[in-house]
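Dear colleague,

I am handing over the structure we spoke about, with a short account of what was found in it. Please look at the model first and read the notes after.

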Amino acid sequence: MFMEHALTWIVFTPLVFALVMMFIPKTQEKVLWWLAGIGTLLPLLFSLPLAAGWYSAPVSTEPWAEGMRYVERVLWIKEIGVHYTLGVDGFAFTMLVLSCLLFPLAILASYGYIKERVKDYLVLMLILMVGTNGVFVSLDFMLFYVFWEIVLLPMYFLIGIWGGPRRSYAAIKFFLYTLLGSVVMLVGAIYLYVRTGVQTFNMLQMADATSGLPVDGLTTFAFFALLIGFAVKVPMFPFHTWLPDAHVEAPTPVSMLLAGILLKLGSYAMVRISHPMLPQVARNYAWLLFAAGVTAVVYAAAAAMAQKDFKKQVAYSSVSHMGFFVMALAAASVLEPELGQIALAGGYFVTIAHGLISPAFFFAVGMFYERTHTRDLDKLGGMFLTVPVISFMTAFIAFANLGLPGMAGFIGEFIALTGTYPAFGLWVLIAGVGMVLTAAWHLLTMRNVLLGPAKKEYAGLADVTWKEKLIFAPLAVLIVLFGVWPAPVLNILAQSVETLSQVLAIVGGN
Amino acid sequence: MDFFLNNFWVVLALPLFASAFIAMFARQLRRKAWIVGSGLMGVALLWSLAVLAGVTGNGEAGHAAANYLTEPVRHLVWKNWASWGPYQIDLGLMVDNLTAIMMVVVTLVSFAVQVYSQGYFEANEKRFTRFYSAINLFSVGMLGLVMADNLFLLLVSWEIMGLCSYLLIGHWYEQEWPRYGQIKAFLTTRVGDIGLMLGIWMIFAETRQLTWDGLATTIPQLVQNPGTAAVLALAAFFIFTGAIGKSAQFPLHVWLPDAMAGPTPGSAIIHAATMVAAGVYLVARSFMIFGNVPEWVLITVAFVGAFTSLFAASIATLRHDIKEVLAYSTISQLGYMIMALGVGGWAAGNFHMVTHAFFKSLLFLAAGSVIAAHHHNQLLHKMGGLRKKLPITFATWMVGYLALIGFPGFSGFFSKDELLLAAYGWMPAALAGMPWLAKLPFVMALITAFLTAYYMTRATYLAFFGEPRDMELYEHAHESPKVMTIPLILLAIPAAISGWFWAALPYHFTHAEWMKSMERFLHLPGIEHSVTFAQELQVTGMATTAAFLGIFVGWLLYAKVKPATRAAWIEAGKPLYTLVRNKYYVDEFYEVAVIRTTQAASRFIAWFDGAVVDGLVNFVGTLGTWIADASAWFDRNVVDALVVMWADISRAVGSAFRRLATGYIQQYMVTFAAAVVACVILFQVFS
């Protein structure tokens, strides 16, 4: 019973909890916190047996779910061929687990931090979880689109209500920008639906039909319509400017989710939709994607260096890191499958590593902000002598973020570039410059914030609490684990990576 | 012995455990951390000695393979550590001759440093445990580097050392200089590291492997194709840039002098004996790449090394800070080793790496003893006459001094002799038309030998001889405690005699086989150098003359010539003096060309991002509201005037649009989507 509908359970459990919580008076804060905690923790527990049984789970061979595990299917809108189809492969499942891990941590991080309109906040968080998890398990485009849009609304309110001083500007910008992107995406998908006449919105079946289309003006248009929709989410240079604003205004737990999982909706959608559907176009424009990715790596690192706001720096570093994924994806679309797999596996590993590192980094920034009420790099200082444990945690995460070996970030970047070099040659040196700049601003920021003599105004600040340790520890453990032993993640990804790089290569004639 | 040899990985595990244990129980251990650290490192040292004995007794195995590969005596592999696409990456640890001897070097220096530091740090030192944890983690990195059987694991160890170097330079991070030095060190080496990584990516793209034995089989075949050979040569060059960064070769040498901001014992192990030698080790270990690719790469290596050795030695002649003299001396000696590898003196380069590790860490620790005795004064011009106050420190320093300048009989004499000999006999085919160019590294190395003897004599004289220049500091100076002097003596022994295991010259007269043990031990198949005994004597004669000349000039200038006369001479050669005194303005050049430029570029990009890229986004948003306003105006004043009914509809649309831009977007989306669907369907129907 459970295993047949495991994915449905994972996606909709938070919704059930959200509905229940709506009927609980908002004065009952304790109950609400508990419900939200359990409601986000249950999906994580549900995902564990799926992870444990991954290699023994049957792999579907149906055309509507080929290569997927834990599939479910119910007819939804007969007239246009929309089904409620769920299923996960390596790309989807890693993201699903990441999402299930980050939401309980974000709820825990909100506890004691969010004090106003608690009920609304928690309900929105739960709905957000439904949206993100739904995106990762949907195999039908319409279903995917519904979840994709569900993500927008709670995020809009979470930034707009609980955000900083410029919250309404940031929230509207986030909303309009990503909405515009998703509408463009919808246009592209509908065009492909009509053009091929497949009578189904199933993404795998659509891809089977569309990947054979000739490269012409309209398929190119459709590809970019899809890609731009996802590029805004990633965010890919030059569609990234909403991100620093959104992060600066968002409360810490929301930032953790925004960087940790919401950006991955874009990268996931690229490997699930735009590239499998139109690999022939992707191949033609790989250089453009590479240029955008490599520019993001160096550009965002340089922009981060000049920021005065700690959190804005970390936000720019997200843009920089997602650039590695974009580069690697571009490389995978032009390489023969053996090397393409390396690029793709590495690039996707970057997004997973970033999903662990960036929430922890934002959390670290939040710990300082909660104590000092500033994120101004000129005002912070001498923290190692004031709050040594928090400072140690921050240094740890900064080194993870700048790509120190032994941590997950390095593995992803290194493998991704190993695969990218054969495709684009010495141009990867530009990314190398970005890596040096990244190291530079991390070290300068550490010097500003952590090192140096203790500041008088911060004397007597409380060091880390148990709650904070509890949030940080699982992320730190996974960062080191996957940095030393990335095989569990790479193995789960392997099948999907192989399939996609073959799709990309076959079309290209390799 | 076999037990120790079979379980050689324990040598790596011991410091790893020590580092974690000290970090975890820092509060309980406090000052006792040194017992944990040096105790476990002592075990590791004994274990390494047993491994070395085991390898020595292994006959030919450790050095008998083709294509610049030494065959491991023992090899442990983590099969299929991770799959990179279809490629399975195995991580392995191995021990061969070079690894075995480096294990002894690393553990010995680390042990000596950890015992010594106990006395070096003052009782109120706050970060005592942090230092011990970092030193042990560093030892893990260096041991991992020499045990790695592939480029990837080497890179990981390489970067772990970089982290520890950063941590130890910034040990006293309340002060400005350590904070500056640690960032400078990390970033400068990072530049080289990117080169190293690029080299690894290129190697992988061409060969699809990263293990030493895999590379040794594939590369000789691949270089048959000139196109591939050219790419591999470029890859080798990029790998070499990693060595330039880590081993502080010109032009990335600037970080090492500022690394002296850290505690002296840390400098002794990281910035003198081991980590900075990692670049040399990298080139030596990946010689199956360097030796097979087109010659220009090794020629570059040779010239970079030779130039750096001369360049740094000249700077060292005018330094005032005792640690800075040693830092530039280290750069110069590393240049020697790099040059030796470049001219094909594989064994000579490694031999010098070993002897240098002993005598340079000894010199650093002795300098640390002087500094501790002298109230943390590091300026040579305030010292003087200290030989009477610090007899043991003085004696051990003198051993290091004689070894460094290549005084006959001391370890440095033999290793320097070997590498000069290799440079002397160097004649690459590409330079056949320009024999004088092929002799240039040798000439530079010979001048360096003279300068080395000169600046070390100067430093030695200023510190230990003559009259005290600062009576108050002199009065308070006292010999260091036994925990500091015993490690000095421990290091002085190999610094003095470790050259005897390679004594070609005495061997010629005595024919005692053990004297050539090291040469055979570090022999690399594929590299033979053939020089006659007469040439050997000639080179030894030249090198020794240069050294004695250096001692004489140094003694003359500082012991005999009056300070006033010296000042007059400096005045006479003012432009040259200023140039060298300011380290040829390399730092200033970087300040303008790299640091300020980068800062300006980053400020520009941040501005550009806000004003242009985001400006465009905001402009589109504003444009949306304008269009909504315009349509509302049109609606009111044009359409409304015409037909009331149409105006009503239009107003609804107009205000709907206006709302769009203020956030009520769901309707907009639905409308737009529906419109697009309609358009597409219409398009299909009509076409």
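Predicted model: local features only at pLDDT ≥ 70, side-chain atom pairs only at ≥ 80, totals over all residues.

Domain bounds here come from an automatic or database domain assignment.

For chain B, the assignment gives domain 1 (1–204 + 261–274), domain 2 (357–557) and domain 3 (617–686). Between the C-alpha centres of domain 1 and domain 2 of chain B there are 25 Å. Their contact involves 25 residues from domain 1 of chain B and 23 residues from domain 2 of chain B. On the domain 1 side, α5 (97–120) and α12 (264–273) of chain B are the elements that give two or more residues. The most come from α5(B), with 10 residues. By type, this side of domain 1 has 16 nonpolar residues, 9 polar and no charged.

Chain B as a whole contains 31 helices and 2 strands. Its C-alpha trace spans about 120 × 65 × 60 Å along the principal axes. Of its 687 residues, 54% count as buried. Among contacts in chain B with a separation of 6 or more, 80% join residues 24 or more positions apart.

Lastly, the core. The largest nonpolar core has 449 residues, and A:V326, A:A331, B:V280 and B:L362 touch the most other members. Helix α14 (residues 337–372) of chain A gives the most to this core, with 20 residues. At least three residues come from each of domain 1 and domain 2 of chain B. Leaving aside neighbours within four places in sequence, the contacts of A:A331 include A:F290, A:A343 and A:G419.

Regards

Conventions. Residues numbered from 1 in each chain as written. Chains lettered and ligands numbered in written order. Helix = DSSP H or I, 4+ residues; strand = E, 2+ residues; numbered from the N terminus. Buried ≥ 20, exposed ≤ 12 C-beta atoms within 10 Å, placed from the backbone. Contact = placed C-beta atoms within 7 Å. Core = buried A, V, L, I, M, F, W, Y, C linked by C-beta atoms within 7 Å. Nonpolar A, V, L, I, M, F, W, Y, C, P; charged D, E, K, R; others polar.
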